[in-house]
Amino acid sequence: MKQYFTALLLAACSLLAASCLEPIGAWDFEKVEANKVRATAGPDGKIINPGKNARLVPGRSGGNALYIGGGWTAADRNKVGALVIPNFAPRPDKPFTAVFDFKIDHDPKNKNFRKFKTLLEAANGERGPGFRVYIFYGSLQFRTGDGKKNMKHVTASSATVRIPAGRWARMAVVYTGKTASLYMDGVRIGHGDMQIVPGTQKNLTFGSYRAGFANPATAAYDNIAVYDRALSAGEIAGDYLETLKKDHQ
């Protein structure tokens, strides 16, 4: 009888994968004290440059989200917003998944179309080592490199995938140790071989390059979760379905 109920539980988890996921880190911005974001799982996060460029805004399904913005000129450097999770950068030889809701700003007349918009990163520099996930020329890219000329990209091209502006979308970044995948709203939009070049960066940053140095996302973030394994396509789809259910509660 016990084996029967265990089988039923596993079947339910397969059908409703998101409800059975246990992240090693999660942040929903409902408990923010000064520049500290209380985690619902894992370590607390730290808001960089709180104020105009890192502020609470209405969340996806009620509650709060964190808006991360700033400029791109030399005078704007080190004034950009960010969410930093100290000592939480994924190991390049281990699988991981990061999922989050984001709502990127409209870009009138494509004024900032050519600017890097950093979504997620743990890198020593712009070309690595480590990894960066960003939007550039309307394309979504997952990039690693050796800090010099050798670089690797997994891309969701703007020719086939339109990154929505002014509305919430759910992003998933999946790394197996040998491949990388990008998902948006439960659908895989990019995939390829990739091995992250090991770096020394220990912090995981959302929303800007080098924890507030430059390249802001100009987007709101909500319902961030990080897992210490590569979620399956079914689990990513289940996570998105759970998000849609919350939208209508």
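User: What do buried, partly exposed and exposed stand for?

Analyst: A residue is buried under 20% relative accessible area, exposed over 50%, and partly exposed in between, with a 1.4 Å probe and protein chains only. Arg38, at 30% relative accessibility, therefore counts as partly exposed. Before we go on, a word on the model: it is predicted, so local features need pLDDT of at least 70 and side-chain atom pairs count only at pLDDT 80 or more, while totals for chains, interfaces and linings use all residues. Residues are numbered from 1 along each chain as its sequence is written, and side-chain values use heavy atoms, with hydrogens and water left out.

User: Thanks! With which residues does Arg38 form a salt bridge?

Analyst: A salt bridge here is a side-chain nitrogen of Lys or Arg within 4 Å of a carboxyl oxygen of Asp or Glu. Arg38 forms one with Glu33, where the closest N and O atoms are 3.1 Å apart, and another with Asp44, at 2.9 Å. Asp44 has 26% relative accessibility and so counts as partly exposed; Glu33, at 43%, is partly exposed too.

User: How many salt bridges does the structure hold, and are Arg170 and Asp239 buried or exposed?

Analyst: The structure holds 11 salt bridges. Arg170 and Asp239 are both buried, and they form a salt bridge whose closest N and O atoms are 2.6 Å apart. Because Arg170 lies in strand 13 and Asp239 in helix 2, the pair ties together parts that are 69 residues apart in sequence. Arg170 and Asp239 also belong to a network of salt bridges that links them with Arg60, Asp101 and Asp247.

User: How should I read helix 2, and what does it pack against?

Analyst: Helices (H or I, at least four residues) and strands (E, at least two) are DSSP runs, numbered from the N terminus. The expected span of a helix is 1.5 Å times one less than its number of residues. Helix 2 covers residues 233–247, 15 residues in total, and reaches 21 Å from its first C-alpha to its last, close to the 21 Å expected. Its buried residues include Ile236, Tyr240 and Thr243. The buried residues of helix 2 pack against strand 8 (96–104), strand 13 (169–175) and strand 14 (179–184).

User: Which strands are joined to strand 8?

Analyst: Two strands pair if DSSP finds at least two bridges between them. Seven bridges join strand 8 to strand 13, running antiparallel, and seven join strand 8 to strand 17 (residues 219–227), also antiparallel. Strand 8 is mostly covered, with eight of its nine residues buried.

User: What is a nonpolar core?

Analyst: In soluble globular proteins, nonpolar side chains tend to be buried together. A nonpolar core is a set of buried Ala, Val, Leu, Ile, Met, Phe, Trp, Tyr and Cys residues joined through side-chain atoms within 4.5 Å. The largest one here has 44 residues, and Leu140, Phe142 and Phe206 touch the most other members. Strand 8 gives the most to this core, with five residues. A second, separate core of nine residues includes Leu21, Tyr183, Ala225 and Leu231.

User: Where is Gly166, and which residues is it in contact with?

Analyst: Gly166 sits in the loop between strand 12 (151–156) and strand 13. Contact means heavy atoms within 4.5 Å. Leaving aside neighbours within four places in sequence, Gly166 is in contact with Lys103, Ile104 and His106. With 40% relative accessibility, Gly166 counts as partly exposed.
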